[in-house]
Protein chains: 2
Amino acid sequence: MNRHQSSLVNGSFEQGISVYDRGFTYGDGVFRTMRMREGQPVSWPFHYQKLVADCAAIGIVCPSAELLMSDLQTLFPITEFAEGASYVAKIIITRGESERGYAPPSVTVPTRVIVKSVMPQYPAVHYDQGVQLHVCETRLASHGRLAGIKHLNRLENVLARMEWRDEKIFDGLLLDQQQHVIECTMSNIFARFGNELITPDLTQCGVAGITRQRILNLSKTLSLNTRVAKISLEELLQADEVIVCNSLFGVFQVCAICDKFWSQSQLAGIIRNIFAHD
Amino acid sequence: MNRHQSSLVNGSFEQGISVYDRGFTYGDGVFRTMRMREGQPVSWPFHYQKLVADCAAIGIVCPSAELLMSDLQTLFPITEFAEGASYVAKIIITRGESERGYAPPSVTVPTRVIVKSVMPQYPAVHYDQGVQLHVCETRLASHGRLAGIKHLNRLENVLARMEWRDEKIFDGLLLDQQQHVIECTMSNIFARFGNELITPDLTQCGVAGITRQRILNLSKTLSLNTRVAKISLEELLQADEVIVCNSLFGVFQVCAICDKFWSQSQLAGIIRNIFAHD
């Protein structure tokens, strides 16, 4: 992929970000990562709704869906999509530029950035047998007001991800400072206990992804009682099944955390099949 | 000031930051703000030592002092300094560029950015009578590992600073979630109780500024017992004097927080005089 044709800043092929952009100076912005198929963002209504909500949560007026869709069509021309080909689109919205100082100017023009990258190729074993998680020593801080938002302040995720280099590890499990399970560095997590499918409460920290929300909405389809709850690592390790999810890979079963192993089961495949109709 | 001559990125007059720079995508970097006088950064040894320590805390190898000093001399030619003139230099060091994903590449080249701005002109009343603080509703999260570091994840400061527009307010007081006083959005804080000069403990959150450290080191000069302690807002409001400090303005007395007022006293002026010899 030609890097110079791989990003748009405010609708123009990349000229770079200003050193005055508050996304750079303070992480003052939000982002989303999504799959592009046949020139279209998969699950766009969910992504755009979340982007608007995350912008609003920190006082940024999100660019219109029309403008972002126009950017996406410029960066991902339909002619580039061979049959079945996928790309990844990352959309970053910042508060825009300002002089030095935390106070935003009374009028700011948000910066919109779209970055194109190749779709990761996940090994067949991830689909067949599941993925292995590392338990991170890095603990998530309880932000309250910033909880759930996919903002640009991601140093915790970076430090957590730096804890392992073993390529057998797919993702790292993040706990909060009270030792509750919250999420993984790049995915949300669910644990099935019998008829209950539980995902951690994210009211104090973590990123509330759209795939997580969509799985929560699947109660009837799955004949499972899906719900949000506080859950400890010890409880998680007692689950009948554990799955992780995000907008790129969809859903994978977890086959190992620490010394706990789970044999192959059905849930991840069932949810993947439901989402395959997106 | 000509904006195009007002910043250097890796030693070159600004071409902008890459959209792949991890400072932009994750806030994966650190920064410092300092005063430039007669072409030289004031208190440079303290600033550089802190920059190296903050880089090390998140696993970045800080560029050499020689390289940064060379950048500063390029951006702040001595000929531009009229007698007594000051500028502000902001140095940002990021982990460098990478493709999408929290894992840093095995080899990264840190990005160094220097931004020049005019020195703020503080009103005479700030020196004569002191400054007024707002008590922020935004609470600082307890990060532990990130505490004390002046990193680029500054959304809390931005949200806190957005709480007031009243120009009579100089800065906002930040508490943690246990209601301890920690700092202000752009300054550290000290409270004098008789012979004791106390500054909040920053082992869980906050930025440990160099001016704070230099005041802590002034015990003998000031004939005060300077020390770090946990302190509540109620305790702070009982102090005989309160001062705030940073690398630009040095030290100001606090004259008002909420309904509490302090009459003019000596400490801020004494410390300003000590630092005037820098």
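Student: Hi! In what order do the 6 strands of the open sheet in chain A run?
Tutor: Hello! The order in chain A is β2-β1-β6-β5-β3-β4, and the pairing is antiparallel. Keep in mind that this is a predicted model.

Student: Which strands stand at the edges there?
Tutor: Those are β2 (12-13) and β4 (40-41) of chain A. Each has a single partner strand, so one side of each is left without a neighbour in the sheet.

Student: And how many bridges hold β3 and β5 of chain A together?
Tutor: Strand β3 (residues 29-37) and strand β5 (residues 86-94) of chain A pair over 9 bridges, in the antiparallel sense. To find one of these spots, look at Met34(A), whose bridge partner in β5(A) is Ala89(A).

Student: Which strands does helix α2 of chain A touch?
Tutor: Helix α2 (residues 44-57) of chain A packs on the sheet and touches β3, β4 and β5 of chain A. Its direction makes about 175 degrees with that of β3(A). Helix α3 (residues 65-75) of chain A packs on the sheet too, touching β1 (7-9), β4, β5 and β6 (111-118) of chain A. The angle between the directions of α3(A) and β6(A) is about 35 degrees.

Student: OK, switching to chain B. What is the strand order in its open sheet?
Tutor: In chain B, 6 strands follow the order β2-β1-β6-β5-β3-β4, with antiparallel pairing. The edge strands are β2 (12-13) and β4 (40-41) of chain B, each pairing on one side only.

Student: How many bridges join β3 to β4 in chain B?
Tutor: There are 2 bridges between strand β3 (residues 29-37) of chain B and β4(B), which run antiparallel. Arg37(B) has Gln40(B) as its bridge partner in β4(B).

Student: How many residues does each chain put into the contact?
Tutor: Chain B gives 46 residues and chain A gives 46 residues. On the side of chain B that touches chain A, the largest share, 5 residues, comes from α5(B). By class, that side of chain B has 20 nonpolar, 17 polar and 9 charged residues.

Student: Why do you say the copies meet through the same surface?
Tutor: Because 100% of the interface residues of chain B are also interface residues in chain A.

Student: New topic: which residues have the most contacts inside the largest nonpolar core?
Tutor: They are Ile243(A) and Ile243(B), in a core of 149 residues. Leaving aside residues up to four places away in sequence, Ile243(A) touches several others, including Phe190(A), Val251(A) and Leu267(A).

Student: What about Gln179(A), is that residue buried or exposed?
Tutor: Gln179(A) counts as exposed, because 10 C-beta neighbours lie inside 10 Å and the cut-off for exposed is 12 or fewer. Gln179(A) is in the loop between β8 (169-176) and β9 (181-184) of chain A. Not counting residues up to four places away in sequence, Gln179(A) touches Ser232(A) and Leu233(A).

Student: Where does Gln179 sit in chain B?
Tutor: Gln179(B) is in the turn of a hairpin formed by β8(B) and β9(B), with 4 residues between the strands. Gln179(B) has a positive phi of about 70 degrees. Those strands of chain B pair in the antiparallel sense over 3 bridges, and Val181(B) in β9(B) is the bridge partner of Leu175(B).

Methods. Residues are numbered from 1 along each chain as its sequence is written. Chains are lettered from A and ligands numbered from 1 in the order in which they are written. This is a predicted model: local features need pLDDT of at least 70, side-chain atom pairs count only at pLDDT 80 or more; totals for chains, interfaces and linings use all residues. Two strands pair if DSSP finds at least two bridges between them. Two residues are in contact if their C-beta atoms, placed from the backbone, lie within 7 Å. Ala, Val, Leu, Ile, Met, Phe, Trp, Tyr, Cys and Pro count as nonpolar, Asp, Glu, Lys and Arg as charged, and the others, Gly among them, as polar. A nonpolar core is a set of buried Ala, Val, Leu, Ile, Met, Phe, Trp, Tyr and Cys residues joined through C-beta atoms within 7 Å. A residue is buried if 20 or more other C-beta atoms lie within 10 Å of its own, exposed if 12 or fewer, and partly exposed in between; C-beta atoms are placed from the backbone. Axes are lines fitted to C-alpha atoms, for helices over the stretch in contact, and angles run from 0 to 180 degrees between N-to-C directions.
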